[in-house]
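Student: I am new to this structure. Could you show me how to read its main features?

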Amino acid sequence: MVALPDRLSMSAEEYLAWEPTQEERYEYWDGEVVAMSGGTRNHNRISGNFFRILDDALVDSPCEPYITDVKVQVERGQKYFYPDVVVTCDEHDNDPQLVQFPSLIIEFFSPSTEAADRGIKFAKYRQFSTLQEYVLVQVEQPGVEMFRRNRQGQWVLSEYGLGDSLQLESVNLEIAIADLYRQVQFS
């Protein structure tokens with residue numbers, strides 16, 4: 001196997017052709033290809049729990065959840081991100097490689113990814129007219145933050161702890177926070 005640098009430069013067209021042939025995942029940020037970091041056991045467990053709950057609940061709905069390996073086209077030719085979980089409910093979302101019309105995006109964050117997830121990624125995700133909710137889930141301790149777009153187009157924050165339930169209006173689903181953290185060990 002050939003070791004690749006953490007960042008490469010190429011056009012968006014080159015990236016879209018090259019990236020599916022790679023063993024690892026890479027995001028695309030304005031001409032730079034950025035290697036995705038590996039996750040922890042907690043990250044994997046929590047994302048699996050969240051995806052399983054969504055997948056089971058949405059089986060007979062027009063909404064489709066995807067985990068980890070499906071990228072979101074944030075800005076055509078400029079930015080392609082890999083959210084931890086993305087849900088699309090739009091019938092126009094039919095590209096086999098990526099989601100263009102997300103309803104719900106979920107990121108699981110640690111201290112090393114928190115700044116990007118709260119900052120540049122959320123700023124770019126907010127540009128989707130179809131996005132209704134953005135959820136940030138902590139992996140080092142129980143805690144969930146949900147940003148929901150209200151009728152005025154403003155993003156409203158709600159915070160949840162282990163004893164709470166998260167109401168996802170975008171997919172008409174209520175999830176116990178404890179279920180997201182099932183079988184997760186905190187230090």
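This is a predicted model: local features need pLDDT of at least 70, side-chain atom pairs count only at pLDDT 80 or more; totals for chains, interfaces and linings use all residues.

Student: In what order do the six strands of the open sheet lie?

Tutor: Strands (E, at least two residues) and helices (H or I, at least four) are DSSP runs, numbered from the N terminus. Two strands pair if DSSP finds at least two bridges between them. Here the order is β4-β7-β9-β10-β11-β12, with mixed pairing.

Student: How many bridges join β11 to β12?

Tutor: Six, and the two strands run antiparallel. For R149, the bridge partner in β12 is W155.

Student: Which residues have the most contacts inside the largest nonpolar core?

Tutor: A nonpolar core is a set of buried Ala, Val, Leu, Ile, Met, Phe, Trp, Tyr and Cys residues joined through side-chain atoms within 4.5 Å. Buried means under 20% relative accessible area, exposed over 50%, partly exposed in between (1.4 Å probe, protein chains only). The largest core has 26 residues, and F50, L54, V135 and L168 have the most contacts inside it. Helix α2 gives the most to this core, with four residues. A second, separate core has 16 residues, including V74 and Y134.

Student: What does L168 touch, beyond its neighbours within four places in sequence?

Tutor: Contact means heavy atoms within 4.5 Å. Among the contacts of L168 are F50, L54, V135 and I175.

Student: Is K121 buried or exposed?

Tutor: K121 is buried, because its relative accessible area is 6%. K121 is found in helix α4 (residues 120-125). A polar contact is a pair of N or O atoms within 3.5 Å; within protein, one must be able to donate a hydrogen and the other to accept it, and residues adjacent in sequence count only if both atoms are side-chain atoms. One of 2.9 Å joins the side chains of K121 and E27.

Student: Where is D84?

Tutor: D84 is in the loop between β6 (79-81) and β7. D84 counts as buried, at 8% relative accessibility. Its side chain makes a polar contact of 3.2 Å with that of H43. D84 and E107 are 23 residues apart along the chain, yet their C-alpha atoms are separated by 5.1 Å.

Key: Residues are numbered from 1 along each chain as its sequence is written. Side-chain values use heavy atoms; hydrogens and water are left out.
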